[in-house]
Amino acid sequence: MSDIDIRTAVQEELNNIAPEIDLATVDPAADLREALDIDSMDFLNFITAIHHRLSVDVPELDYPKLITLDGAVKYLEAKLKSSTR
Amino acid sequence: MFEFRMPSLGPDMEAGTLVEWLVKPGDWVKRGDIVAVVETQKGAIEIEIYQSGQIEQILIDLDSKVPVGTPLARIRTELEAKPGAAAAAPPPITPAAPPPVPSLVRAPVRPPPPPIAAAPGAAGRVRASPAARRLAEAHGIDLSTVTGSGPAGAITYADVERHLGEAVAPPERKRALWLDLDAMRTAIAAAMARSKREIPHYYLEHQVDVTACEQWLTQKNATRPPDSRLLIGALAIKAAGLGARRFPAFNGFFRDNKFEPAQAVHVGVAIAIRGGGLAAPALHDADQLSLDELMSRMRDLVQRTRSGRIRSSEISDPTITVSSLGERGVEALYGIIYPPQVAIVGIGKVVTRPWVVDGAIGPRSIVTLTLSADHRVSDGHAGALFLAEIGRLLQEPGKL
């Protein structure tokens, strides 16, 4: 799965939670909780959706690494690479 | 025979618009079934029925706005609908046919009502409920391609959902297109203004060390997949529910100048809705649920509330409210009681603070609990005991 596919997956799942937000206008380094106004339940739903879609089970300890758009893509990319190796 | 009436979904509701029937004459319903969707200021509410029986007649057409208490349908009780009881019941319109499944209690089978001719005015306009139309519109579906199962072949929300099938994400996860946030704001304003006018609030606050809760959650969640992980909010609701069970003066309704304590503890969970809305539907029997069950119901409740699919019992049942700020925001909130309830518990953001434990100062996770309660029912002394009990319960998360 390419970097672009992962980014698309992340953006789509975030858009399911915050449909009115145009993610293209969101700073990829911004804290998603602030930029998208999502709460801990939303974030858990995002992590759950990623688990179902990409089969990456993000442990709670790693949540801080997914707090930005860039961070989430980078983290998932690394996880997917290590799982297919 | 009984009449299913337009329910009152809150003290300020005067009328509702019937936007969808999920049953038709002849259908069997049992207590708790969702039979209709009514549009109110709070959005589209799924209306549950409180008695079991068989739908005899639908009395109100789709899109009719009717006052609270208006009969919407006539329903035969199970007893009346039994073939043997036919003589005692009002005579059936057509002779009874033998029940097709003898082991079940079935009503005399009546032929379906003659199909109502499609409204001739709009040439070829498809009959569909507004909720179904909006869903179809949101997904760009041509309604003429959908098979209707509602009265006179009308297309219901469920029909469009079926049509969508697996092709798209479940609608619960899409934007709640039919939530009218302006109307919701008006309803909130009316309820809160009434609360401030009528309820003599008093306020208490209590700082609680929730380090044990956090450690317990970290350990629990480490081995769980995301869909069964717990949030600290679930622990807080359980603790508040158990506290309310032990302190009945905070759990119930103040109506007609007197307090009626509630038998059950149905915790209203304050849920923020994107774009500026708020609802606090009931998490039924919150004090009785295991944490896992409570968490999964809370997830479901939040998702349905945010997509405008709240049920009538969830609107009318809360006996106490819990409002939690979550991980962002500020340390404390002082809630306004939602009438006719008599208390609201606020849960602030968890913060790390220097704290004395066993004579030594160390960093601990601290949360500020608040209580707003009704002075017509209780005093600060009882309120303090109640709030302290919630804090105490949070010290032993394993026992929640």
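**Figure 1. Two domains of chain B.** Domain bounds here come from an automatic or database domain assignment. The model is predicted. Chain B is split into domain 1, residues 2-85, and domain 2, residues 182-399. Taken over C-alpha atoms, the centres of domain 1 and domain 2 of chain B are 31 Å apart. Chain B holds nine helices and 20 strands. Of its 400 residues, 40% are buried. Consider the contacts in chain B between residues at least 6 apart in sequence: 64% of them join residues at least 24 apart.

**Figure 2. Where domain 1 of chain B touches domain 2 of chain B.** On the domain 1 side, 14 residues take part. They are in contact with 18 residues of domain 2 of chain B. Which element gives the most to the domain 1 side? Strand 5 of chain B, residues 43-48, does, with six residues. By class, the domain 1 side has seven nonpolar, three polar and four charged residues.

**Figure 3. An open sheet of five strands in chain B.** The strand order is 7-2-4-5-16, and the pairing is mixed. Strand 7 (64-67) and strand 16 (310-311) of chain B are the edge strands. Each of these two pairs on one side only. Within the sheet, strand 4 (residues 34-40) and strand 5 of chain B are antiparallel. Six bridges join strand 4 to strand 5. B:Glu39 has B:Ala44, in strand 5 of chain B, as its bridge partner.

**Figure 4. Strand 17 of chain B, covered on both faces.** Five of the five residues of strand 17 are buried. B:Ile320, B:Val322 and B:Ser324 lie on one side. B:Thr321 and B:Ser323 lie on the other. Which strands pair with strand 17 of chain B? Strand 12 (residues 267-269) of chain B runs parallel to strand 17 and is joined to it by three bridges. Here B:Val267 has B:Ile320 of strand 17 as its bridge partner. Strand 18 of chain B also runs parallel to strand 17, with four bridges between them. B:Thr321 stands opposite B:Ile344 in strand 18.

**Figure 5. The largest nonpolar core.** In soluble globular proteins, nonpolar side chains tend to be buried together. The core in this view has 112 residues. B:Ile237, B:Val267 and B:Val269 touch the most other members. Helix 6 of chain B, residues 232-246, gives the largest share, eight residues. Why does this core lie between domain 1 and domain 2 of chain B? Both domains give residues to the core, so it lies between them. Leaving aside neighbours within four places in sequence, B:Val267 is in contact with B:Ile237, B:Ala240, B:Gly241, B:Ala282, B:Leu283, B:Ala286, B:Pro318, B:Ile320 and B:Val322. One of these contacts, B:Ile320, is also the bridge partner of B:Val267.

**Figure 6. Helix 3 of chain B and its buried residues.** Helix 3 spans residues 157-164. B:Tyr157, B:Asp159 and B:Val160 are buried there. Seen down the axis of helix 3 of chain B, the buried residues fall within an arc of 160 degrees, so they line one face of the helix.

Figure 7. Most residues other than glycine have a negative phi, and most peptide bonds are trans. The peptide bond from B:Pro339 to B:Pro340 is cis, with omega near 5 degrees. B:Pro340 sits in the loop between strand 17 (320-324) and strand 18 (343-347) of chain B.

Next come two aspartates with positive phi. B:Asp285 has a phi near 50 degrees. B:Asp285 lies in the loop between strand 15 (282-283) and helix 7 (291-306) of chain B. B:Asp358 has a positive phi of about 50 degrees. B:Asp358 lies in the loop between strand 19 (351-357) and strand 20 (360-374) of chain B.

Is each aspartate exposed or partly exposed? B:Asp285 counts as partly exposed, because it has 16 C-beta neighbours inside 10 Å. B:Asp358 has 5 C-beta neighbours inside 10 Å, so it counts as exposed. The cut-off for exposed is 12 or fewer.

Technical notes:
Residues are numbered from 1 along each chain as its sequence is written. Chains are lettered from A and ligands numbered from 1 in the order in which they are written. This is a predicted model: local features need pLDDT of at least 70, side-chain atom pairs count only at pLDDT 80 or more; totals for chains, interfaces and linings use all residues. Two residues are in contact if their C-beta atoms, placed from the backbone, lie within 7 Å. Ala, Val, Leu, Ile, Met, Phe, Trp, Tyr, Cys and Pro count as nonpolar, Asp, Glu, Lys and Arg as charged, and the others, Gly among them, as polar. A residue is buried if 20 or more other C-beta atoms lie within 10 Å of its own, exposed if 12 or fewer, and partly exposed in between; C-beta atoms are placed from the backbone. The arc is that of the directions from the helix axis to the C-beta atoms. Two strands pair if DSSP finds at least two bridges between them. A nonpolar core is a set of buried Ala, Val, Leu, Ile, Met, Phe, Trp, Tyr and Cys residues joined through C-beta atoms within 7 Å.
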